[in-house]
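Me: I have a model open and would like to know what stands behind the terms used for it. Could you take me through a few?

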Amino acid sequence: MNMDYDVIVVGSGITGGWAAKEFAEKGLKTLVLERGRMVKHIQDYPTANLDPWQFEHYGAKTQQDIKEYPITSVHYAFGEPTKHFYLKSEEQEYIQEKPFKWIRGYQVGGKSLLWARQTQRWSTYDFEAPQKYNYSIDWPIRYAELAPWYSKVEKFIGISGTRDGIDAMPDSEVVGAFEMNKVEKAIVSSIHENFPDRHAVIGRCANLADVKEEQLAQGRTKCMARGKCERGCPFGGYFSSNSSTLPHAEKTGNLTLKTDVIVESIIYDEATGKASGVQIIDAHTGAKEIINARIIFLNASTLNSNLILLNSKSKRFPNGLGNDNGLLGRYIIFHNYRGRITADYPGYEDSYYYGKRPTQVFMPAFKNIKTTAENFKGSYLIAFSASREGWGRSVNGAQVGPEFKDKLTEPGKWKIHMMMQGEVLPIYENHVRLSEELDKYGLPKLITSVSYTQNDVDMMNDFFEEGEQMLLKCGATNIVKTDHHIAFDRQPGLEVHEMGGVRMGNDPKDSLLNKYNQMHLCPNVFVTDGAAMISTSNQNPSLTFMAFTARAADYAYQQFKEGKI
């Protein structure tokens, strides 16, 4: 068979878009395979400019929606304005051995249209912690090696935020920043005064608080703070593959984008010891085809990348591509979002704010960073915001009539909302594997066997204690602590930060990929989405995925030029 392309990129989301951009820029003929439908920037955002009263159900999800989307309808961004970007469960059934919410969006751009856009760099501590605290294998890379790739990604996509000099959350290349309101500033001032080891800063996110030449050249402009990001942004005010990397790659003339195709497996060539291509299934006709390439980048999202590799069986690899050590699909990790705190904040009734800012105040991790906590492993960050209650609140006194309506025209009291984002430890038992049952396309259904551990509960309780102390010091009242797993059935997966299963490492005996995201045992296959991660850190992961992808693409290109792959 002839080599049809230089590179095949599986997936068009956050990392797939970056792989396509990097290879197309370098002159390689690049094919992007997307399981879902075409979504063109601006023209395929049908609800982007609609107001609530223009929807049949005023933007709410219906009982029919819950029936058709039993998994994805619990996601925070799901509703009448966004449901077309989510996958109906019948399209890819899976088996929950333990409760797991697999949130999926199959279209060009993937979940880059739905992500929360928080973009902190991981720090030196994050890459050293698994070995230092003895809860995983050592990362084969350190922050200093990834820092220039963070800068490259940040300058292109545009990151809002401030430069704060915090070693646990390194500074980014930024384009302006969103502002805290007066109550948030008061809380931050109290934290800095009473807890000198802690820092609270405005969140860094991939919404353009300002815009530079790099973003203007992409046809993007500033974020309008409309709070409608998940519908697709016609202004290009936030980064998505659709508004940024994919159009950039297309302009080179080196990109081919093929939609509605499901990658069944990667084809391994016994003679060369490399992958020769991928086998695909037409999502509409069921027809199968093999497409060949010199390099394969797997960016299908964490669980789908695991599924494809597990299903890529050959005489050499009967248990999945590169899976000699039996660890493929193991050590699935995610973030611990269980703990939430709400409180009232008296005063400041003459103060309000403008717009719907796309980020919160973030406090970088302060435990298991420089000192060791006795009651849990891993680290957590804290995010919080302050806002005034709106028209949906309860009002004392009248419940109908002019007086009631008049009261609701004025903003209510200040409320504080605080959350944790905790590091879930990688354990062998948390895994995915293939079932003998087949889905509608004839592919094995994925079995998810992932759950919380006692460490997650202990970490949450520590957050409750520390969060309450900080809120008491700043004068908050009516503090309420809630375990969202117990109160709202929040299961793993719902944070959409699943990682692992095809982890990096120095030794093929305990990892699948090397420091360049290259498979140890199949050197022309790279995995640069969340599947490659060893640990979760406490920071948001997407920026790190993109930096790894840009770095791996550069390495793969050099290998390609030298004829090594």
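Me: Which residues are linked with D462 in a network of salt bridges?

Reply: The network joins D462 with D197, R198, K367 and E466. A word on the basis: this is a predicted model, where local features need pLDDT of at least 70, side-chain atom pairs count only at pLDDT 80 or more, and totals for chains, interfaces and linings use all residues. Residues are numbered from 1 along each chain as its sequence is written, and side-chain values use heavy atoms, leaving out hydrogens and water.

Me: What makes D462 and K367 a salt bridge?

Reply: The term asks for a side-chain nitrogen of Lys or Arg within 4 Å of a carboxyl oxygen of Asp or Glu. Here the closest N and O atoms are 2.9 Å apart, so the pair qualifies.

Me: Why is D51 called partly exposed?

Reply: Its relative accessible area is 28%, so D51 is partly exposed. D51 forms a salt bridge with K228, with the closest N and O atoms 3.8 Å apart.

Me: Why is α4 called roughly perpendicular to α12?

Reply: These two helices pack at about 105 degrees, their axes 8 Å apart. Roughly perpendicular covers 65 to 115 degrees (under 35 is roughly parallel, over 145 roughly antiparallel, the rest oblique), so α4 is roughly perpendicular to α12.

Note on methods. Axes are lines fitted to C-alpha atoms, for helices over the stretch in contact, and angles run from 0 to 180 degrees between N-to-C directions. Helices (H or I, at least four residues) and strands (E, at least two) are DSSP runs, numbered from the N terminus. Buried means under 20% relative accessible area, exposed over 50%, partly exposed in between (1.4 Å probe, protein chains only).
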